Amino acid sequence: SLTLYFTAQEMADLRQCNPFFTQRKDKSDKEYIFDMFNFLKEHRHFNARIKYITKYINDTINKNNLTPMDKIQFTLDFIQEPNIRFVTNNFYEKYIRYPDETLYDKEGDCNSKSLLAAVLFHTMGFNVIYLASRKYEHSAIGIEISKNDIDNGWYGSNIDNALVTENGKSYIFCETSGDYFRIGRTINGMSLDDFDEKLLIEVDSA
């Protein structure tokens, strides 16, 4: 159980900095998402709540001696309902919220919830890949895991069916939209091959 405090003015200021709120069209969505990561790096006070949440999750994992798999699933559970409701309607047809916006609104579409998840895992020290499917207009994320952890069985025997490979690295697929999604599980009718747009967010790059 966590309590997060916001001010209406702070959220209004953050939305005015959001390129999707101002409906700028001079860059691609991928470029704007990367810009949002860099904005959080430059304006660290907008990342304070994320750090507070990740500290809570890390402390809980360490206190209970949970596995790397548990840590990922625990974080995904935080992003899912009832904490953050999945919605398809936004301020605009194309709108991706900053993480604090999603936390404040307690809701978000697949893009906003995936960005929140990516920032949370990135703050924990994971390399992340933001995944988008143009066919289904859907987004999710992948979290880099090491070959040693795969070989040691940390992520289960069916891990190959849940991996996205990019530039020689392996990312475990994570859905963020609804509720009760387990690691590696996709929405009915989708496959990992349907995610044809990828944005790497590495720890030393943002």
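User: Does Asn 167 count as buried or exposed?

Analyst: This is a predicted model, in which local features need pLDDT of at least 70 and side-chain atom pairs count only at pLDDT 80 or more, while totals for chains, interfaces and linings use all residues. Residues are numbered from 1 along each chain as its sequence is written, and side-chain values use heavy atoms, with hydrogens and water left out. A residue is called buried under 20% relative accessible area, exposed over 50%, and partly exposed in between, using a 1.4 Å probe and protein chains only. Because its relative accessibility is 69% for Asn 65 and 62% for Asn 167, each of these residues falls in the class called exposed.

User: What is the phi of Asn 65, which is not a glycine?

Analyst: Asn 65 is found in the loop between helix H3 (48–63) and H4. Although Asn 65 is not a glycine, its phi is positive, with a value of about 50 degrees.

User: Which peptide bond is cis, with omega near 5 degrees?

Analyst: The loop to look at lies between helix H4 (68–79) and strand S1 (85–86), and it contains Pro 82. With omega near 5 degrees, the cis peptide bond is the one from Glu 81 to Pro 82.

User: How many helices and strands does the protein have, and what is its radius of gyration?

Analyst: The secondary structure comes to seven helices and seven strands, which follow the pattern α-α-α-α-β-α-β-α-β-β-α-β-β-β along the sequence. The radius of gyration is taken over C-alpha atoms, and the globule rule is 2.2 Å times the number of residues to the power 0.38. For 206 residues the rule gives 17 Å, and the protein comes close to this, so it is as compact as a globular protein of that length, with a radius of gyration of 16 Å.

User: What percentage of the contacts with a separation of 6 or more comes from residues 24 or more positions apart?

Analyst: A contact means heavy atoms within 4.5 Å. Among contacts with a separation of 6 or more, the share from residues 24 or more positions apart is 66%.

Note on methods:
Helix = DSSP H or I, 4+ residues; strand = E, 2+ residues; numbered from the N terminus.
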